[in-house]
Amino acid sequence: MKLSTKHLLGIKHLTTEDIQLILSTATQFKEVLQRPVKKVPSLRDITIVNLFYENSTRTRMSFELAERRLSADVLNFAASSSSAAKGETLLDTVNNILSMKVDLVVMRHSASGAPHFLAKHIPAAIVNAGDGINEHPTQALLDAFSMQEKLGQLAGLKVAIIGDIMHSRVAMSNMYLLQKMGAEVMVAGPPTLIPKYISEAFGVKVEYNLKKALQWCDVANVLRIQLERQNQPLFSSLREYSLAYGINRRLLDSLGKEIVIMHPGPINRGVELDSDVADGSSSIILNQVENGVAVRMAVLYLIANREN
Amino acid sequence: MSEKAFIFIKIYVLKIILSKEQLALTIKRLANQILENHPRLQNTVIIGMQPRGILLSDRIVRELAQLVDPSTIQYGKLDITFYRDDVRKSLHIASNTDIPFSIENKEVVLVDDVLYTGRTIRAALDALLDYGRPSKVALCVLVDRRFSRELPIQPDYLGKAIDTIFSQRVTVLWNENEQNEQVMLLDN
């Protein structure tokens, strides 16, 4: 048994079996991370480059830790401090790196489809760590892993994705993954931040009222309001957004049931989530971060071992 | 369907290495031999190798539980997938590792069903070190395919040694209710 795909470009191209294989392998890696020596020698002959054309803290550190825990050699590349700033093209940069005998590329780029373009032109395997507004597959996998860990199984689960759906690669990957695994998905947020034909395109429920969305769901995956990705104001102010779509303790208490709160980070405290919710008992936000390392270890392990 | 039938015809049983009755006696003997060298299992832990070895270690631990106070038995399960030296040849699916105690300065008895090239045990020794430094590691196997070793590894507790060639396979059939249990030599 192995992955059906050479690269991890998005959840869209994965089969249900692929997703199950990644999640079950991640369970074993999570155990590795509890050991006195949190490291296995599986990828000691593999060199991985982290190619980050866009800023990131969590994802880059999580990937780097996962790579080191698998004993891989790690190269880090940040566009801001490199020759990309001098005008070198993406393909030139990557070919230069690959000529130094690198086996695997982990890549984040602000242009949607950048890893797909690269996959057509280079021999190395590629793991997408987020491309523009397209997909962020490892985030969706770690979200699914965390939901499964907390609630038992994905099939039949009701998940509401709340916030800026239009600009969110996390939302996109989550929709693909959850539907493949048999969960029900609802997107909620202001009409200006939800693509018009999303329910026809994805078969998801759409809700503009936050309280109704929370009452329906078992899990609320709350997204960050991405101010840097908006060229035009799609809501009048952060304060207004927070009043209509911010989740606070009082709102959760008024639901009359327990729901699980997730967030891919970084949180805008006081905008989409209040601190008493983000740090409260129903939040599994820090578990998501912890699980991220195990899930990325599983992805890298399965991608690297597929090559021959 | 036709593919399955083809495999069924291709593989046939050369001989029965251990019958059901012999298997039960052998497991009893192995448990007693372990106890002989580790009185009352003091400072000793039993570790079964995933996935097939734990079927043997489960049975050995069950025998041991009748000979010593069951609460003193420390029993763990180890999966060595991430330590294999042949990972790039074919992808192996990882199983559960469950060692809920420290093995620092303990005497470890590793349990596996068939000892063949010795590479699995090599990987297991690597994996064990990540849980601490055992004072001693012993190896207990049901079947030793001697003359097939690729590494200098030998069993300390042995069910039965057999002579085999590369194309043959040894299969241990385990059964929940202990019906039709046996060890077979197969040929591809």
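A residue is called buried here if 20 or more other C-beta atoms lie within 10 Å of its own, exposed if 12 or fewer, and partly exposed in between, with C-beta atoms placed from the backbone. The model is predicted: local features need pLDDT of at least 70 and side-chain atom pairs count only at pLDDT 80 or more, while totals for chains, interfaces and linings use all residues. Residues are numbered from 1 along each chain as its sequence is written, and chains are lettered from A and ligands numbered from 1 in the order in which they are written.

**View 1. A:Ala171 in helix α6 of chain A.** A:Ala171 is buried because 31 C-beta neighbours lie inside 10 Å. Helix α6 covers residues 169–180 (helices are DSSP runs of H or I, at least four residues, and strands runs of E, at least two, numbered from the N terminus). Leaving out residues up to four places away in sequence, A:Ala171 touches A:Ile161, A:Ile165, A:Val187 and A:Leu223 (contact means C-beta atoms, placed from the backbone, within 7 Å).

**View 2. The open antiparallel sheet β1-β8-β7 of chain B.** Strands pair if DSSP finds at least two bridges between them. β1 (12–18) and β7 (168–173) of chain B are at the edges with a single partner strand each, so one side of each has no neighbour in the sheet. Six bridges join β7(B) to β8(B) (residues 182–187), and B:Arg169 sits opposite B:Leu186.

**View 3. The open parallel sheet β3-β2-β4-β5-β6 of chain B.** Here β3 (74–78) and β6 (157–163) of chain B stand at the edges. Five bridges link β2(B) with β4(B); B:Gly48 has B:Val111 as its bridge partner in β4(B).

Note on methods:
Contact = placed C-beta atoms within 7 Å.
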